[in-house]
Amino acid sequence: MNDKIIAPSLLAADFARLGEQVAEAEEAGASWFHFDVMDGHYVPNLSIGIPVLESLRAVTESFLDVHLMIDNPQIFLEPFARAGADMITIHQEVAVHLHRDLHEIRRLGARVGVALNPSTPAETLSEVLPLVDLVLVMTVNPGFGGQAFIAAALPKVQRVREMALDMGIEGLHVQVDGGIGPETAPPAARAGADVLVAGSSVFRGPGSIRENYEAIRASLSVRV
Ligand code: DX5
Ligand code: ZN
């Protein structure tokens, strides 16, 4: 199952050493990073934003996937695209005009993602699935790193895959985010996720960043 992408979530990194830690993860094989943006309104936490993305863009060519956990995401699509986001993912739950916003992300030249909270059904995407490159199925409630994985979200990963199949959509990425590590990556991959976001387990795991990353990679080749 080496077609799976492990995307370290920078939320768990040491922000004073962000560039170094990205480079360390890249040496271990990472080429896709997840960048969590929180506004203190949509989720009860603050994180990083446009200046940090710009700085990171200057030091890496890896794929940068920006997960906007913010109200009124339409205001920030262009600034994040300009700052170097390769993909922008917005939440289905906050977008008043989801269809418009997804088209706008495409127009800005970024890949298009849409996220679903644990309580949001896959079927809410039935009208927009052909517009997106990635569906993010949250496996925790958004707002914090280091939370426990919600296994009940995995049937939704399967449903998204089935919907895509029924609609003849090929190449859709299904991403899981929250509580992913060597124990939870295999069931998520079996359910149909191909992009596995991992924050704490990569940057705050028991070993070095390389060892932690490799432990997730190994769990996928052994158990899936
Ligand atoms: C949670 C974020 C996640 C977070 C995952 O709101 O969207 O990307 O970084 O962290 P872990 O892997 O520690 O659960
Ligand atoms: Zn995230």
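Biologist: Asp-194 is buried, with a relative accessible area of 12%. What does buried mean?

Modeller: Buried means under 20% relative accessible area, exposed over 50%, and partly exposed in between (1.4 Å probe, protein chains only). This is a predicted model, where local features need pLDDT of at least 70, side-chain atom pairs count only at pLDDT 80 or more, and totals for chains, interfaces and linings use all residues. Residues are numbered from 1 along each chain as its sequence is written, chains are lettered from A and ligands numbered from 1 in the order written, and side-chain values use heavy atoms, without hydrogens and water.

Biologist: Which residue forms a salt bridge with Asp-194?

Modeller: A salt bridge is a side-chain nitrogen of Lys or Arg within 4 Å of a carboxyl oxygen of Asp or Glu. Here the partner is Arg-161, with the closest N and O atoms 3.2 Å apart. Asp-194 lies in the loop between helix 6 (185-191) and strand 8 (195-198), and Arg-161 in helix 5, 33 residues apart. Arg-161 is partly exposed at 26%.

Biologist: Which residue pairs with Arg-159?

Modeller: Glu-123 does, at 3.3 Å between the closest N and O atoms. Arg-159 sits in helix 5 (residues 154-166), while Glu-123 is in the loop between strand 5 (111-116) and strand 6 (134-138). Helices (H or I, at least four residues) and strands (E, at least two) are DSSP runs, numbered from the N terminus. Arg-159 is partly exposed at 33%, as is Glu-123 at 42%.

Biologist: How many salt bridges are there, by this rule?

Modeller: The count is 10. Among them is Arg-17 with Asp-14, at 3.8 Å; a network of salt bridges links Asp-14, Arg-17 and Glu-20.
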